[in-house]
Amino acid sequence: MHDIANALVAAWQLVLSGDPTLLGIVSLSLGISLTAVFLASCIGLPLGAALAIAPFPGRNAAIVVVNALMGLPPVVVGLVVYLALSRSGPLGGLGLLFTPAAMVIAQVILVTPIVAAVARQIVEDLWREYAELYLFDGVSRVRTICSLLWLGRFNLTTAVLAGAGRAVAEVGAILIVGGNIAGVTRTMTRR
């Protein structure tokens with residue numbers, strides 16, 4: 001119990017003193033996570049809305065796949081991104097491995113299915129309520145998706161927040177592709 005109290009006192013001293021190393025780690029962590037959530041939302045919200053309203057062959061299978069991808073193991077995503085970004089990988093020439101950009105890519109892959117699945121359910125509920133109006137007025141699918149996303153914007157913050165929770169807590173994938181390099185890729189979860 002004494003060790004825990006000492007650790008908490010030391011942590012508060014770092015926070016209250018404004019330790020530059022700690023501030024750098026926190027700002028990098030937030031920057032990576034918020035960038036990943038923004039990009040995942042730009043992909044996942046329209047994808048979820050399209051899955052909710054667009055009839056196409058294999059729609060149910062696509063929904064099952066998106067729902068299943070919510071449980072992607074972070075270490076598996078990290079390994080796949082690592083292999084893609086390594087020098088012998090297809091994107092190795094970009095030199096992104098062990099950079100914050102690689103960490104963002106891994107987090108986007110992990111967060112997008114969460115945002116898309118939650119958004120699909122929210123937009124599907126709105127579609128059940130307003131489908132007749134959109135179909136009667138002959139509104140295009142793209143405009144319908146945009147309109148439903150706007151109508152559900154407050155409920156859709158749940159999807160974004162769920163993705164943000166996954167991004168902020170992520171350790172496995174970003175450690176593999178970021179490498180925990182002090183001053184470059186070290187984040188809060190690895191301090």
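Val80 lies in helix H4, which covers residues 74–85; helices here (H or I, at least four residues) and strands (E, at least two) are DSSP runs, numbered from the N terminus. The structure is a predicted model, in which local features need pLDDT of at least 70 and side-chain atom pairs count only at pLDDT 80 or more, while totals for chains, interfaces and linings use all residues. Residues are numbered from 1 along each chain as its sequence is written, and side-chain values use heavy atoms, with hydrogens and water left out.

Val80 has a relative accessible area of 53% and is therefore exposed; the class requires over 50%, whereas buried means under 20% and partly exposed covers the range in between (1.4 Å probe, protein chains only). In sequence, Val80 and Ala173 are 93 residues apart, but their C-alpha atoms are separated by 9.3 Å in space.

The protein chain contains eight helices and zero strands, so that the order of elements from the N terminus is α-α-α-α-α-α-α-α. The C-alpha trace spans about 65 × 40 × 25 Å along its principal axes. Of the 191 residues in the chain, 37% are buried. The average pLDDT, the predictor's confidence in each residue on a scale from 0 to 100, is 89 for the protein chain, and 96% of the residues score at least 70. Confidence is lowest in H1, with a mean of 81, and highest in helix H3 (residues 59–69), with 95. Where pLDDT is low, predicted coordinates should not be read in detail.

Helix H1 covers residues 2–17 and includes Ile4. Ile4 also belongs to a nonpolar surface patch with Leu8, Trp12, Val15 and Leu16, and together these residues have about 580 Å² of accessible area. Patches consist of residues with over 30% relative accessible area and no salt bridge, like charges being joined within 9 Å and nonpolar side chains (Val, Leu, Ile, Met, Phe, Trp, Tyr) within 5 Å. The areas come from the Shrake-Rupley method with a 1.4 Å probe; for residues, only the protein chains shown count as cover.

Helix H2 (residues 20–53) has 34 residues and should span 50 Å at 1.5 Å a residue; its end C-alpha atoms lie 49 Å apart, which agrees. The expected span is 1.5 Å times one less than the number of residues. H2 has a kink of about 30 degrees centred on Ser41, the bend being the angle between axes fitted to the seven residues ending at a residue and the seven starting there.

Four salt bridges were found in a search of the whole structure, each defined as a side-chain nitrogen of Lys or Arg within 4 Å of a carboxyl oxygen of Asp or Glu. One of them joins Glu124 and Arg59, with the closest N and O atoms 3.0 Å apart. This pair links distant parts of the chain, since Glu124 is in helix H5 (residues 100–137) and Arg59 in helix H3, 65 residues apart. Both Glu124 and Arg59 are buried. Glu124 also meets Arg120 in a salt bridge, at 2.9 Å from N to O. Arg120 and Glu124 are four residues apart in helix H5, about one turn of the helix, and Arg120 is buried, as is Glu124.

A further salt bridge joins Arg128 and Asp125 (2.9 Å, N to O). These two residues are about one helical turn apart because three residues separate their positions in helix H5. Arg128 counts as exposed at 57% relative accessibility, whereas Asp125, at 37%, is partly exposed. Through salt bridges that share partners, Arg59, Arg120, Glu124, Asp125 and Arg128 form one network.
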